[in-house]
Amino acid sequence: MSEEPEIRGTCQDMCPEQERAARHGERRLHRFEMVEGTEQDRHPLVDPSRCVKEYSRPAAGKDIIPPAELRPPQVLLCTVDYLVNRILPREDAYFSEVYNFISDRLRAVRQDMVVQRVKGHACIAILEKAVRFHVYAAYRLCESSIQQFDPHLNSQQLENCLTWLLKEYQDDRQAVATGNRASMEALYLLYCLGSHDALQHGLTLSKSTRQSRVVQLALQVHLAQLRGDFVQLFRLARQLPYIHSCAVHRHLASVRSWALQVMSTAYSSKVCRFPLSHLQCLLGFDDEAETAEFCRQHGLNAVDSYVAFRKADFSFPEKIKPKLSQCLVDDKLHECTLPDIVNGKTDKLCSHETDFSSQPVTIDKQMDSDPNRLINVGKDGEDVQVEPLTGAMGTLSLAICSAEANPAICNNVNTSQETRQSRQEQNVTHSTSLVTTEGPGLESRSGRLSAACEGETSYDIPSGGATDGQRGPERPWSRP
């Protein structure tokens, strides 16, 4: 069976001349493609230097697309650079409009790539930019209405780009353009947090890729999630680069809900009050008001800077509206611009990096000895029975122990239980008894988390967060 002939485009413009003329006659030009000053005219003029080919579904039975309507790889890459560097940072339009325009044009770019079977450096460079754009958009527009932003459609486009990109990395035997592979692999692990397929893919990476710091950190986050150690997960999330924080952001609400369920069982007592300030630190909220509101959404009573955990009161809400996060995401952007994000300049780890070399058992050593040991390894390398309650409450006990510097926390976290409590509650009581345990080893282990919590900053975020039409000055992207 003969192979189909290879097709190479000959169009040197971002939009073929035939399409420009057709869309101009049908008045289907976007205002970003019009000659400046003619946007309000009855028949706006088309600017060939700004017009970009739009996505159109291929008609059934349509003949092969002529080369004059296809853009070669280098023109496609220049088109993506134009969208990222010229359209993305526009301040005369809401970001939802900018997103819809760029998303459609990127889809048309990928369509031309599929027809021409583009591979190599240009293909990888385009897909990397597309992945970062969709990850950033998923976070930036998480508070927008469905009319402005469809998260499911964006997720579908992102997953298509990621799948294609990872396959290109595997097929790129000559390592033409794999400088960003570790960052993209970590992005995939974090965006698909909780997926066993994603974890299996991460464990089968080459040793050089697996040993990179960002992949190691992503695997640590996966391990914390599988063990149910939400305290460790949020501690690691603070160390992720900006774009990776955007990827993991979509999972934070479900992790927090599960954490509240665990703590509602562990601290279910009529005389127990947990400080909201400490809960804010453990679960990465921006301020106590946001923490209290999240607790109330789950049926818990949060008043006077404290929350009362009651197992009988806890309930999962029907839907939790996602919110932007200042401390876990936005503060990592610093002075970077939107083009910097999509071009990969924010892929570096934060200053407070994890020192993987100092850990007794690294992810990479576990993989080399026995891949199955990844989810069954304790802190000192011993095999443990991984249970969500054990992993979370073990770390949480150390977090509470760090409150020695603030006696009010220890006084209000009352771990006394009824004598006829269930066996599970007695086990939790045993773990929380570490609050009163003394010893230099325990003190040093808890001190690190104490210092991290004490270093957190509260932020005054208006209720509901900044919407797409009201970009508050506290958001880094509002800077020129």
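A salt bridge is taken here as a side-chain nitrogen of Lys or Arg within 4 Å of a carboxyl oxygen of Asp or Glu. In this predicted model, the count by that rule comes to 20 salt bridges. One of them joins the side chains of Lys 167 and Asp 171, with an N to O distance of 2.9 Å; the two residues lie four apart in helix α5 (residues 151-171) and are therefore separated by about one helical turn. Lys 167 is partly exposed, at a relative accessible area of 46%, and Asp 171 also counts as partly exposed, at 40%.

In helix α6 (residues 181-191), Glu 185 and Arg 181 are likewise four residues apart, or about one helical turn, and they form a salt bridge in which the closest N and O atoms are 3.2 Å apart; both of these residues are buried. A further salt bridge links Lys 345 with Asp 340 at 3.7 Å between the closest N and O atoms, where Lys 345 is exposed, with a relative accessible area of 56%, whereas Asp 340 counts as buried at 17%. Salt bridges with shared partners also connect Glu 19, Arg 23, Glu 26, Arg 28, Glu 33, Glu 54, Asp 104 and Arg 105 into one network.

An open sheet of three strands has the order β1-β3-β2 with antiparallel pairing. Because β1 (274-275) and β2 (301-303) stand at the edges with a single partner strand each, one side of each is left without a neighbour in the sheet. Between β1 and β3 (residues 306-308) the antiparallel pairing runs over two bridges, and Phe 274 stands opposite Val 307 in β3.

Note on methods. Residues are numbered from 1 along each chain as its sequence is written. This is a predicted model: local features need pLDDT of at least 70, side-chain atom pairs count only at pLDDT 80 or more; totals for chains, interfaces and linings use all residues. Side-chain values use heavy atoms; hydrogens and water are left out. Two strands pair if DSSP finds at least two bridges between them. Buried means under 20% relative accessible area, exposed over 50%, partly exposed in between (1.4 Å probe, protein chains only).
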